Amino acid sequence: MAAALARGWGDPVLCSDSGSGRAEALAKELGGEAVSNVEVAKRADLVVLCHKPHQLEQIAREIAGDVRVVASVLGGTPVGHMQAFYPGVPIFRLMPNTPVAVRRGVVCYSPEPGVDDTLEAQVIALFERLGTVVTLPELLIDAASAVMGVTPAYQALLVEAQVDAAIRHGLAAPLAAQLVVETMAGTAALLAARDYDTLGVRREVTSPGGSTARGLAALEAGGLRAAFADAVDAVVEFGRR
């Protein structure tokens, strides 16, 4: 996620890692420097935490005394929990998805009472460069993440499944992928233009007894809705552990 955010912003980065070499590679790609955690905290106006949630205490021990403002994208880590490790530091909790890398992402933001309005506006403006920022209560962020955070993987799987099916009927893989992906993008734009009226868009292409109706019936019989319900349940339950 750190790389996706940095690529979306497109600015030179000040970044660190645990020794994987990814920070150095990202700095070479975008410009900037790969430095230590402490150096990032000392030099950056805003530190974006993209480490694993279980590393919270370890990282905070290194940087809590130097960091000015924190933006956290840590899953399953409420602001109230983080405040114990970053006392007195403004903390912003945001959950982005990977399309931020191409500035078409969705970023969920859970506002915290008492944060300076000017500072909040600056942080939100920064993340708005990456796509759509949606504000919601923190108690809903796990459910929201189960819809938007993991959906790029679901959509990629849907593309794979359709491409594989098309190949069985004679289409070359690159052509099938182009047809599916461009149709997915166009359908997303159409749904947004129609205020997300999925039923209306579906009915426009579904004639009684026609090919689309038959295809939809096959998907329903295959348990599509139940599979997505189970997927959301699994993600939400994992996030609340």
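Colleague: What share of the 241 residues in this protein is buried?
Modeller: Buried residues make up 30% of the 241. Buried means under 20% relative accessible area, exposed means over 50%, and partly exposed is in between, with a 1.4 Å probe and protein chains only.

Colleague: Okay, and where does the model come from?
Modeller: It's a predicted model, where local features need pLDDT of at least 70, side-chain atom pairs count only at pLDDT 80 or more, and totals for chains, interfaces and linings use all residues. Residues are numbered from 1 along each chain as its sequence is written, and side-chain values use heavy atoms, with hydrogens and water left out.

Colleague: How many helices and strands does the protein have?
Modeller: There are 12 helices and seven strands. Both are DSSP runs numbered from the N terminus: helices are H or I with at least four residues, strands are E with at least two. The C-alpha trace spans about 65 × 40 × 30 Å along its principal axes.

Colleague: Let's look at H1 and H2. At what angle do they cross?
Modeller: Roughly 10°, and the axes of H1 (residues 2–9) and H2 (residues 22–30) come within 11 Å. That makes H1 roughly parallel to H2. Axes are lines fitted to C-alpha atoms, for helices over the stretch in contact, and angles run from 0 to 180 degrees between N-to-C directions. Under 35 degrees counts as roughly parallel, over 145 as roughly antiparallel, 65 to 115 as roughly perpendicular, and the rest as oblique.

Colleague: Which residues meet there?
Modeller: Ala-2, Ala-3, Ala-6 and Arg-7 of H1 meet Leu-26, Glu-29 and Leu-30 of H2. By class, that contact has five nonpolar, no polar and two charged residues. Ala, Val, Leu, Ile, Met, Phe, Trp, Tyr, Cys and Pro count as nonpolar, Asp, Glu, Lys and Arg as charged, and the others, Gly among them, as polar.

Colleague: Which residues of H2 are buried?
Modeller: Ala-23, Leu-26, Ala-27 and Leu-30. Looking down the axis of H2, these buried residues fall within an arc of 100°, so they line one face of the helix. The arc is that of the directions from the helix axis to the C-beta atoms.

Colleague: What do they pack against?
Modeller: The buried residues of H2 pack against H1, strand E1 (13–15) and strand E2 (32–34). Contact means heavy atoms within 4.5 Å.

Colleague: New topic: how do H7 and H8 pack?
Modeller: H7 (residues 141–149) and H8 (residues 151–168) pack at about 30°, with their axes 6 Å apart. They are therefore roughly parallel to each other. H7 brings Ala-146, Val-147, Met-148 and Gly-149 to the contact, while H8 brings Thr-151, Pro-152 and Tyr-154.

Colleague: And Ser-145, is that buried or exposed?
Modeller: Ser-145 counts as buried, at 13% relative accessibility. Ser-145 lies in H7 and touches Met-95 and Val-150, leaving aside residues up to four places away in sequence.

Colleague: Which residues other than glycine have a positive phi?
Modeller: Arg-103, with phi near 60°, and Tyr-196, with phi near 65°, are among them. Most residues other than glycine have a negative phi.

Colleague: Where are those two?
Modeller: Arg-103 is in the loop between strand E5 (91–96) and strand E6 (105–110), and is partly exposed at 41%. Tyr-196 is in the loop between helix H9 (173–193) and helix H10 (198–205), and counts as exposed at 64% relative accessibility.
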